[in-house]
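I would ask you to keep the structure in view while I speak.

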Amino acid sequence: LFRSYLPSYSQTTIYGSITDALTNEKLQGVSVYVNDINKLVSSDRYGNFRISGLPKGILQLQFSLLGYKSYSLIIETDR
């Protein structure tokens, strides 16, 4: 008996805008890293980022930019 199991992963997209907490200035070039799947994107000149092809579930995001303290965020995408 041979059984084949091919997992079916639904994929999702997250997006957002990154600003300085004190000045409200949009931050360009912020690295946004998704630990669980080794995916990295950077914010554009308007501070916007978009990450697609994410699996559903709990994910950890890390935000970093030279001159700023790194920030981690845990999110849960729709199940």
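I begin with Thr77 and its contacts. Setting aside the neighbours within four places in sequence, Thr77 is in contact with Thr12, Pro55, Lys56, Gly57 and Leu59. Please bear in mind that this is a predicted model. Thr77 belongs to the segment after strand S6, which covers residues 71-76.

Is Thr77 buried or exposed? Its relative accessible area is 8%, and because the cut-off for buried is under 20%, Thr77 counts as buried. One is with the backbone nitrogen of Gly57, at 2.7 Å. Another is with the backbone oxygen of Pro55, at 3.4 Å.

Let us now turn to Asp78, which also has its place in the segment after S6. Asp78 is exposed, and its relative accessible area is 62%. With neighbours within four places in sequence left aside, Asp78 is in contact with Lys56 and Gly57.

I now step back to the protein as a whole. The protein has 0 helices and 6 strands, and from the N terminus on its elements read β-β-β-β-β-β. Of its 79 residues, 23% count as buried. If we take the contacts between residues at least 6 apart in sequence, 42% of them join residues at least 24 apart.

Next comes the interior. In soluble globular proteins, nonpolar side chains tend to be buried together. Here, the largest nonpolar core has 13 residues, and those touching the most other members are Ile18, Val32, Val34, Phe49, Ile51, Leu54 and Phe63. Which strands each supply at least two residues of this core? They are strand S2 (31-34), strand S4 (48-55) and strand S5 (58-64). Consider Phe63 in particular: beyond its neighbours within four places in sequence, Phe63 is in contact with Ile18, Val30, Ser31, Val32, Phe49, Ser70, Tyr71 and Leu73.

Ser43 is another buried residue, with a relative accessible area of 5%. Ser43 sits in the loop between strand S3 (39-42) and S4. The side chain of Ser43 reaches the backbone nitrogen of Val30 at 2.9 Å. Not counting residues up to four places away in sequence, Ser43 touches Ile18, Leu27, Gln28, Gly29, Val30, Asn48 and Phe49.

Most residues other than glycine have a negative phi. Asn24, in the loop between strand S1 (11-17) and S2, has a positive phi near 65°. Asn24 is exposed, with a relative accessible area of 58%. Asn38, in the loop between S2 and S3, also has a positive phi, of about 50°. At 59% relative accessibility, Asn38 counts as exposed.

Thank you for your attention.

Technical notes
Residues are numbered from 1 along each chain as its sequence is written. This is a predicted model: local features need pLDDT of at least 70, side-chain atom pairs count only at pLDDT 80 or more; totals for chains, interfaces and linings use all residues. Side-chain values use heavy atoms; hydrogens and water are left out. A nonpolar core is a set of buried Ala, Val, Leu, Ile, Met, Phe, Trp, Tyr and Cys residues joined through side-chain atoms within 4.5 Å. Buried means under 20% relative accessible area, exposed over 50%, partly exposed in between (1.4 Å probe, protein chains only). Helices (H or I, at least four residues) and strands (E, at least two) are DSSP runs, numbered from the N terminus. Contact means heavy atoms within 4.5 Å. A polar contact is a pair of N or O atoms within 3.5 Å; within protein, one must be able to donate a hydrogen and the other to accept it, and residues adjacent in sequence count only if both atoms are side-chain atoms.
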